[in-house]
Amino acid sequence: MEIDRTILIIEDEESILDILAYALRKEGFRVHGAATGQQGLQLFDGIAPDLVILDLMLPDMTGFDICKRLTVTSNVPILMLTARDDVVDKIIGLELGADDYMTKPFDVREVIARVKVLLRRQQKVSLSSYINITDHIRIEPRSHTVLKDGQAVMLKPKEYELLLLFAQNRNRVFSREEILDTVWDYAYDGDIRTVDVHVQRVRKKLNDPRYPSVIETVFGVGYKMKGE
Ligand code: CA
């Protein structure tokens, strides 16, 4: 049984969602379903799934858009479902960060087998993969956890994504608009001060006198994280 593994299915066809959810739950997975892209992205932030099953054609956006957004801030395995048996789309899907794809109609057992393969592969990678921010602070992307001196730091989803963005792009200066675009929903009509507030919160939560400013202010431009 797959204990403590959470799978997010983003699929607008209710019958397919139901079949997959039923079969995966029977295998012991925790399953959450979303019928639109927006709902899926929101759920993703809330539940931090171990794997995403993603339909290519959704009513409000394409699976490609979602794929792009998810892979900026996470390395969650993505299994793409597509009704189109189109080679170009398959390649694009994989280039955009999907880890595997299946063409509808599919055999549910085949989907489950692929899910298990992706999770096993991910686990192997994640055992050795974490991102050091300082000697004392590190990110474990697999579990969406930030550890300071071995203790988990409680970050909210957006605070985590913000930190991960900087950690994965050392020395790159991000403007507030860029950060807002990347970390928040593309449709989010937010104030750029939201970014300042979140940066301050992350600094406060990671507060480490040995490294006074994990995320540095670049005056007149934005923020960056210094790299080794
Ligand atoms: Ca669909």
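The model is predicted: local features need pLDDT of at least 70, side-chain atom pairs count only at pLDDT 80 or more, and totals for chains, interfaces and linings use all residues. Residues are numbered from 1 along each chain as its sequence is written, and side-chain values use heavy atoms, with hydrogens and water left out.

Start at the calcium ion. Its protein donors are Asp12 (OD), Asp55 (OD) and Met57 (O), at 2.1 to 2.3 Å. Donors are N, O and S atoms within 2.8 Å of the metal, or 3.2 Å for Na, K and Ca; water is not among the atoms, so sites may look incomplete. The sequence spacing is D-x42-D-x1-M. Asp12 lies in the loop between β1 (6-10) and α1 (14-26), and Met57 in the loop between β3 (51-55) and α3 (63-73), 45 residues apart. Helices (H or I, at least four residues) and strands (E, at least two) are DSSP runs, numbered from the N terminus. Asp12 is partly exposed at 33% relative accessibility. Met57 is partly exposed too, at 47%. Buried means under 20% relative accessible area, exposed over 50%, partly exposed in between (1.4 Å probe, protein chains only).

Next, the open sheet. Its three strands run β10-β12-β11, with antiparallel pairing. β10 (174-175) and β11 (216-218) each have a single partner, so one side of each lacks a neighbour in the sheet. Strands pair if DSSP finds at least two bridges between them. β10 and β12 (222-224) pair over two bridges. Ser175 stands opposite Gly222.

Finish at helix α8. Its buried residues include Val195, His198 and Val202.
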